[in-house]
Amino acid sequence: MDPRYPIGQFKLPAGVTPERRAQAIDEIASAPAKLRDAVKGLDDKQLDTPYREGGWTVRQVIHHVPDSHMNAYIRLRLALTEDKPMIKPYDESLWANLADAKLPIDVSQTLLDCVHKRWDVVWRAMKPEDFARALIHPEHGERNVDWLLFLYEWHGKHHAAHVTELRKQKGW
């Protein structure tokens, strides 16, 4: 197993159905609780342990998820309100080294809870045709809202697995 991708790399599902979308939305809604469970009981030394050689610390991972999901939430809102908006990427590694990535993790856990509450309302209010709306990512080209949905379904599980796999490896 590649420790960078404990659940495998992202792949868009081949058959997208309303049921599969609902499953992805439910997974996104549950991501904050799953991430909270993944770090439950860890002390500062454990939180400051990289999840793999040369990788981010658990603390950085926990702060990264709301950074990423806030960006995704805004990207979704842009895609739903503009015609093929160009979305702005950001350098995740630079963000992971800013001063706020050293804060206690409860700050980012609360932020993630709040972002996901709003994100969930938007996802569940969408019409089937909204999932085909386009957005332009400078690094990935034209994508649609389904791509965002399934990417972020994967993203939450991906980072929770970084923590749970480290815990298994370390016997925490």
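User: Where is Cys114 placed?

Analyst: Cys114 lies in helix α5. This is a predicted model, so that applies to everything below.

User: How far apart are Cys114 and Val39 in space and in sequence?

Analyst: Their C-alpha atoms are 18 Å apart, and 75 residues separate Cys114 from Val39 in sequence.

User: Staying in α5, where does His116 sit?

Analyst: His116 is also found in helix α5, which covers residues 105-125.

User: Buried or exposed?

Analyst: His116 is buried, because its relative accessibility is 4% and the limit for buried is under 20%.

User: What is His116 in contact with, leaving aside neighbours within four places in sequence?

Analyst: The contacts of His116 are Ile28, Ala31, Pro32 and His69. Ile28, Ala31 and Pro32 are residues of α1 that take part in its meeting with α5. His69 is in α3 and is listed where α3 meets α6.

User: How do the axes of α1 and α5 lie?

Analyst: The axes of α1 and α5 come within 8 Å and cross at roughly 170°. The two helices are therefore roughly antiparallel, since angles over 145 degrees count as such.

User: Which residues meet there?

Analyst: From α1, the residues include Ile25, Ala29, Leu35, Arg36 and Val39. From α5, they include Ile105, Leu112, Trp119 and Trp123. Asp26 in α1 and Asp120 and Arg124 in α5 are also on the list.

User: What links Asp26, Asp120 and Arg124?

Analyst: A network of salt bridges links Asp26, Asp120 and Arg124. Within it, the side chains of Arg124 and Asp26 meet at 2.8 Å, N to O. That pair links distant parts of the chain, with Arg124 in helix α5 and Asp26 in helix α1 (residues 18-39), 98 residues apart.

User: How accessible are Arg124 and Asp26?

Analyst: Arg124 is partly exposed, with a relative accessible area of 45%. Asp26 counts as partly exposed too, at 42%.

User: How many salt bridges does the structure hold?

Analyst: The structure holds 11 salt bridges. One of them joins Asp48 and Arg59, where the closest N and O atoms are 2.7 Å apart. Asp48 is in the loop between α2 (44-47) and α3, while Arg59 is in helix α3, 11 residues apart.

User: Which of those is buried and which partly exposed?

Analyst: Arg59 counts as buried, at 7% relative accessibility. Asp48 is partly exposed at 41%.

User: What about Asp2 and Arg4?

Analyst: Their side chains meet in a salt bridge as well, with an N to O distance of 2.6 Å. Asp2 is partly exposed at 29% relative accessibility, and Arg4 is partly exposed at 40%.

User: New topic. How does the span of α6 compare with the expected one?

Analyst: Helix α6 has 26 residues (145-170) and reaches 38 Å from first C-alpha to last, close to the 38 Å expected at 1.5 Å a residue.

User: How many of its residues are buried?

Analyst: Of the 26 residues of α6, 20 are buried, so the helix is largely enclosed by the rest of the structure.

User: What is found at the start of α6 and just after α6?

Analyst: At the start, a side-chain oxygen of Asn144 comes to within 3.1 Å of the backbone nitrogen of Asp146. Just after the helix, Gly171 has a positive phi of about 70°.

User: At what angle does α6 pack with α3?

Analyst: The angle is about 175°, with the axes 11 Å apart. That makes α3 roughly antiparallel to α6. Residues of α3 in this packing include Val61, Val65, Ala72 and Leu76. On the α6 side, Leu148, Tyr152, His155, Gly156 and Val163 are among them.

Methods. Residues numbered from 1 in each chain as written. Predicted model: local features only at pLDDT ≥ 70, side-chain atom pairs only at ≥ 80, totals over all residues. Heavy atoms only, no water. Helix = DSSP H or I, 4+ residues; strand = E, 2+ residues; numbered from the N terminus. Buried < 20%, exposed > 50% of the residue type's maximum accessible area, 1.4 Å probe, protein only. Contact = heavy atoms within 4.5 Å. Expected span 1.5 Å × (residues − 1). Polar contact = N/O pair within 3.5 Å; in protein donor to acceptor, adjacent residues only side chain to side chain. Salt bridge = Lys/Arg side-chain N within 4 Å of Asp/Glu carboxyl O. Axes fitted to C-alpha atoms, helices over the stretch in contact; angles between N-to-C directions. Parallel < 35°, antiparallel > 145°, perpendicular 65-115°, else oblique.
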